[in-house]
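Hello,

Here is the structure I promised to pass on to you. Have a look at it first, and then read on for what I found.

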Amino acid sequence: MGHAEENVGPVVMDAVMSPTLTDAQWARLVAAGTPEDVAAGDYVFRTGDSRYDLIVIESAEVEIVRDALRWIGEAIITTMGPHTFAGELGLLNGQGAFLSARVTKPGRVHRVTRAQLRDVMNEDDELCDLILHALWARRESLRTGPAAMTLKFVGTTASNDFLALRRFAERLDLVHKAVALPPGDLDTLDTHEITADDLPVAYIQGEPLKRATPGLVAEQLGLSYQAQADEIVDLVVVGGGPAGLAAAIYGASEGLSTVLLDAVAPGGQAAATSRIENFLGFPFGVSGGDLIGQAILQALKFGVRVYAPCEAVALTRVGTDVLDVSLSDGRIIRARSAIVTSGAAYRRLALDRWEDFERSGVHYAATPLERRQVQGKPVVVVGGANSAGQAALYLAAGGSPVELVVRGDDLRSRMSSYLADRLADDPRVRVHTGSNVVGLDGNGMLESVRIDTVGDVEARGLFCFIGADPATSWLPALDRDAEGFIRTGTDVGIQSLQDWQRLGREPLPFETSAPRVFAAGDVRRGSMKRVAAAVGEGSSAVASVHRALAY
């Protein structure tokens, strides 16, 4: 089951991972911390520490260690000497330590707490850039070495539960390893004291977490929301798509203490888009995953506290100036304002056996994860908008013959002309307009799809892009249109006269029928349902937040 250690030596720290600091930069970084004398054999932080410090090494030597796991001994990742600092990206996103730092030569270090590190990054642009680049580069370098064994997923290639774990880890940029087993090759499980019913399994520091879910893994890693005593944040953003990320980044960069929540993982539908070609500044296109990854890093830079999976289930007012956002696990986030960017839930086809294949063949995204599952195998894509067209081309480029099923008679009625032209010219894609998927078949896994105009076609994957419904059922008190989209600004029709008279104003742009509660992106009535527009709405909503908080 792939327990053998990868044959990878210690990480060689390059100039990005271990930058050379000027005397002035060094003095400023040391001044932020607390000095501590250490002896050989001391640990300055250990695997599993929920809160640990950036360790600035003045005269000691420290080795970074992947601790021994059940099936394998410890591994030395790298050794760090004077005028360097030990730590990685988990310092910014709240993740507990997954490596240990052990002193090999005595000397002096300086501990910079996470709060002190945040102050340094907010107040010192030079150090911020150096530290952020170093922490990010270290995270990237750890992906292919022994550190990845600290979080290991095991599941079957046909399992959407296994896919959800991998998507969660990749969206949150977690160092991990995934072992995908063919459904018919589970004989090795017995030797590892697990059964097929236990899959997917997450090995966290070598300990198995059976029937793992992203929520259970997040809890174990310290990525679940933990409120500080009597804390009231300035802004809570519910939904981690482009609108939510933009709102959180702009809010935090302008001094608002900001929490970002997402029920699954940051990125929303944009992260599931294989190629975005009409986003400003990317003439050759950009994958949704790359765009969202950079946005999350930017959010961490400005101090946004990102929590996922973390589902909001209710929003209530406490007094006149405080909002309570209730989470599905019973915890409550107290905030002075909120921006709802919860997006929309994928629509399903009303077909027999749909649920049977949702875990083994039906997909709502076409990213490298999904493409690897169907590489070279025939697939069906359903939908007539840009997301469906982009998915069809992306899957075809991966070697899959594609049947694109479009309910409308004209491909160009909802799809950009450049995409329609490329689909028409691609011999690997067959377009069926005026058509519908009417049946699914397979023994355990999806094997064929029935299209009403052509009959049964072989398919190992069905990719569904038929739109989404706004995720607003948890907000019954807000004014919404007949389809559930939230009304904002001058579009608000139902208001509590008493609330607005007390404030002496009407709803601001992007403000909902509830004061200090805003909405942006796909969840808002009248939004353009485009990535660039969502980014603009999220950032613009923050301007209204500032105005609302000033009243």
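**What I found**

Of the 551 residues of the chain, 55% count as buried. Please keep in mind that this is a predicted model.

Let me begin with the overall build. The chain contains 15 helices and 30 strands. Its radius of gyration is 25 Å, which agrees with the value near 24 Å that a compact globule of 551 residues would have. Along the principal axes, the C-alpha atoms fill a box of roughly 75 × 70 × 45 Å. Among contacts in the chain with a separation of 6 or more, 69% are between residues 24 or more positions apart.

Next, the surface and the charges. The accessible surface of the chain is about 23500 Å², and 49% of that belongs to carbon and sulfur atoms. The chain has 53 positive and 70 negative charges, and their mean positions lie 2 Å apart.

One element I looked at in detail is helix 13, which spans residues 417-425. Leu419, Ala420 and Leu423 are buried there. Viewed down the axis of helix 13, the buried residues fall within an arc of 100°, so they line one face of the helix. On the face turned away from that buried side, helix 13 carries the exposed residues Ala424 and Asp425.

And what covers the buried residues of helix 13? The cover includes helix 12 (386-397), along with strand 23 (402-406) and strand 24 (429-433).

I hope you enjoy browsing through it.

Best wishes

Technical notes:
Residues numbered from 1 in each chain as written. Predicted model: local features only at pLDDT ≥ 70, side-chain atom pairs only at ≥ 80, totals over all residues. Heavy atoms only, no water. Helix = DSSP H or I, 4+ residues; strand = E, 2+ residues; numbered from the N terminus. Rg over C-alpha atoms; globule rule 2.2 N^0.38 Å. Buried < 20%, exposed > 50% of the residue type's maximum accessible area, 1.4 Å probe, protein only. Contact = heavy atoms within 4.5 Å. Areas by Shrake-Rupley, 256 points an atom, 1.4 Å probe, with all protein chains shown as cover. Lys, Arg positive; Asp, Glu negative; His and termini not counted. Charge placed at Lys NZ, Arg CZ, Asp CG, Glu CD. Arc of directions from axis to C-beta.
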